[in-house]
Amino acid sequence: MRGFFRRGLVAAGFGLFAALGLAPGAQAHGGVKLEQDECVLQLGPSTMHFIAYQRTGEEEEFCQDIAKTGPTVIALTAVSPDLRDMAIGARIVRDTGAPVSKDNLDALTVAFHEPKVYRNGIMTFEHDFRDAGRYIAIVTVRDDLGNEWVSQFPFGVGLYTFWGMIEYILYGVAFLALVGVMTLALRAKADKAAETANAPA
């Protein structure tokens, strides 16, 4: 019984480790990296946080693929002090798989915010994603001397992704493993109590 219990405990630990360590949020995506549930964009030598959230139903936050279509608030926060006095702009374009160029930029653009200086280096805007699909966020920062840095990364909206499916499977495995360990522990405790009660005085 003890060996079986230990195997169950190991299975639960492995399931929890897999669910927490291999979830989609832990994967690098589109040239940005994940840091404390926020995507970090590299703009030259400086960095900026990107995060999106939706108010419909239970409020959810995303830094990579956005789960559902609909109104979405996007927040860009300058991490590096030298970015906080610079103008920040953002453009969202449809990702057709073809390179984005000056010739098709306007036709692909679904949202555009001209660079301007924001208090404390935090830019927020809301966009209603009506269509599920692939998009590209293009973030621009510009200093008062006219120097400009651009970062872009692709993301999905309302798409059922492979990693999303894997995440649910891993959490399910972890939950079942945890329930199994608890069941074994209770059974072992009950068996021990029964042995104690039946032991000769």
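Trainee: Phe50, buried or exposed?
Mentor: Phe50 is buried, because its relative accessibility is 2%. Buried means under 20% relative accessible area, exposed over 50%, and partly exposed in between, with a 1.4 Å probe and protein chains only. This is a predicted model, where local features need pLDDT of at least 70 and side-chain atom pairs count only at pLDDT 80 or more, while totals for chains, interfaces and linings use all residues. Residues are numbered from 1 along each chain as its sequence is written, and side-chain values use heavy atoms, with hydrogens and water left out.

Trainee: How many aromatic pairs does the structure hold?
Mentor: There are 5. One of them joins Phe50 and Phe153 edge-to-face, at 4.9 Å centre to centre with 80 degrees between the planes. Rings of Phe, Tyr and Trp (its six-membered ring) pair if their centres lie within 6.5 Å; planes under 30 degrees apart are stacked, over 60 edge-to-face, the rest tilted.

Trainee: And where in the chain do those two sit?
Mentor: Phe50 is in strand E3 (residues 46-54) and Phe153 in strand E10, 103 residues apart. Strands (E, at least two residues) are DSSP runs numbered from the N terminus.

Trainee: Why does Phe153 count as buried?
Mentor: Because its relative accessible area is 0%. Phe153 also pairs with Phe155: the centres are 6.2 Å apart and the planes at 45 degrees, so that pair is tilted.

Trainee: Which residues do ring pairs link into a cluster?
Mentor: Phe50, Phe129, Tyr135, Phe153 and Phe155.

Trainee: New topic. Where is Ser151?
Mentor: In strand E10, residues 148-157. Ser151 is buried, because its relative accessibility is 9%.

Key: Helix = DSSP H or I, 4+ residues; strand = E, 2+ residues; numbered from the N terminus.
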